[in-house]
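I opened a notebook for this structure. My entries below say what I looked up, step by step.

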Amino acid sequence: MSERPQSGTALLRRPETTCFVRESELDRVVRLAADHAGTFPPHEIGPIASLCSELIAALRAHKSADSALGQLERGAAEWARDGIAVDAVIDMVHRCVRIILEPADDIRASEVVDLLGRVSAVVAGAFVRSALDVTGYGDHTRDNLAEQLITGSRSRIGARDRGFVPAAEYWVLAIDIGDESRDGGTDRRDERVRARRAVTGIRRELDEVCDGAALTALSAQGGTVLIPTTDRPEHHVDTVAAALSRAAGRRITVTVVRAALDDIPDAAECAHELLEIVRRLGRVGGVHRFSDFALEYQLSRPGPAQEYLRTVLEPLAVHPELLETLRCHIANDLNRRKTARMLHLHTNTVDYRIRRIAALTGFDAKRCPDLWYLRSALVVAGMPIEGNAK
């Protein structure tokens, strides 16, 4: 995208034209177009006005408009990723062209109609390609195969007909792209835009680090990735996850399960159940394996043990301050000073609350057997007890 110069009195020279457009003229176009911007973001009108000025200058000079159309195509792809509607972009381009054109312009109506037709085609094409890239339908074969392997509905004959031979074994990755708006870092609309860009970056990076062998089923929230284990050590997954986080511009949380081809559906379900446990425990980012959370996974299974553990913390339901103290104290490895500092309490107050918890629940956090029950009860309750201590 072309940029306006810093100086307010500078002239904007347009590439491949013999015309100059004064910045004051661009300001006029932006101002008039903004009066009818509709849903189009006002701060993006300037780049469109600048490109439209180049297009009209090319018509006036009877020169090619390919350079400006190329810039418009790249800009449209960015606007698509920003979640701006295609009709809003096309309408704004047409509006800017009408404002820039003057009654005295010696330009035939047929030339203007032809230019606007090319503009509409360029913008629409960029939006379609961006949508295919984000949703994954730009590569039907690989994404359809990923869905088939994950759901267990694959057809070996159909796969081979499309030139694809599945690997014998895969790393099955459940991926959480995360939601930055939950932490107050951005609003919901900006978060949707960032998430779509993150998916695009993840897909491209997977093609690079996995030599095109990875299969994906991704949305703006996350999804499943299949990576052949052939000639790849286990730590390769950590390398991939780190690369994906860099490409997405955020911390990607990954859980991984190794599975033979026929076991992929069960492994995918296990990986996503493990991902849910990791989220409930407050872990964000990094790679997490089943061996790291075998106990937590088992505790999450329905049964009498889980039902009993749910009752352990019931006496604290009406004492949220005690429940929070317990969570923080366990997260801090029972370090009373850290807990006091985190909760802005005196250490004696922490001691008092731990005694109250023991009196109400019958489990004393200072005793190892009781601590195991209290920790397990927090896991079953879905309260994060890891990665929160400061």
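**Entry 1: terms first.** I call a residue buried under 20% relative accessible area, exposed over 50%, and partly exposed in between. The model I am reading is predicted.

**Entry 2: the rings around Tyr373.** I looked at the neighbouring ring of Trp372. The centres of Trp372 and Tyr373 are 5.5 Å apart and their planes stand at 85°. Planes over 60 degrees apart count as edge-to-face, so this pair is edge-to-face. I then checked how open Trp372 is. At a relative accessible area of 42%, Trp372 is partly exposed.

**Entry 3: aromatic pairs.** How many aromatic pairs does the structure hold? I found three. One of them joins Tyr308 and Tyr373, edge-to-face, with 6.3 Å centre to centre and 85° between the planes. Where do the two partners sit? Tyr308 is in helix 12, residues 304-312, and Tyr373 is in helix 16, residues 368-381. The pair therefore ties together parts that lie 65 residues apart in sequence. I noted Tyr308 as partly exposed too, because its relative accessibility is 41%.

**Entry 4: the cluster.** Which residues form one aromatic cluster? I listed Tyr308, Phe363, Trp372 and Tyr373.

**Entry 5: cysteines.** I searched the whole structure for disulfides and got zero. Cys96 is in no disulfide, and its nearest cysteine sulfur, that of Cys52, is 4.8 Å away. Is Cys96 buried or exposed? It has 0% relative accessibility, so Cys96 counts as buried. I looked up Cys210 as well. Cys210 also counts as buried, because its relative accessibility is 0%.

**Entry 6: Arg95.** I moved to Arg95, which lies in helix 4, residues 86-100. Is Arg95 buried or exposed? Its relative accessibility is 19%, and buried means under 20%, so Arg95 counts as buried. What does Arg95 touch? Leaving out residues up to four places away in sequence, I found Ala33 and His36.

**Entry 7: for the next page.** I keep two notes. Tyr308 and Tyr373 pair between helix 12 and helix 16. Arg95 in helix 4 touches Ala33 and His36, with residues up to four places away in sequence not counted.

Key: Residues numbered from 1 in each chain as written. Predicted model: local features only at pLDDT ≥ 70, side-chain atom pairs only at ≥ 80, totals over all residues. Heavy atoms only, no water. Helix = DSSP H or I, 4+ residues; strand = E, 2+ residues; numbered from the N terminus. Buried < 20%, exposed > 50% of the residue type's maximum accessible area, 1.4 Å probe, protein only. Contact = heavy atoms within 4.5 Å. Disulfide = S-S within 2.5 Å. Phe/Tyr/Trp six-rings, centres within 6.5 Å; stacked < 30°, edge-to-face > 60°.
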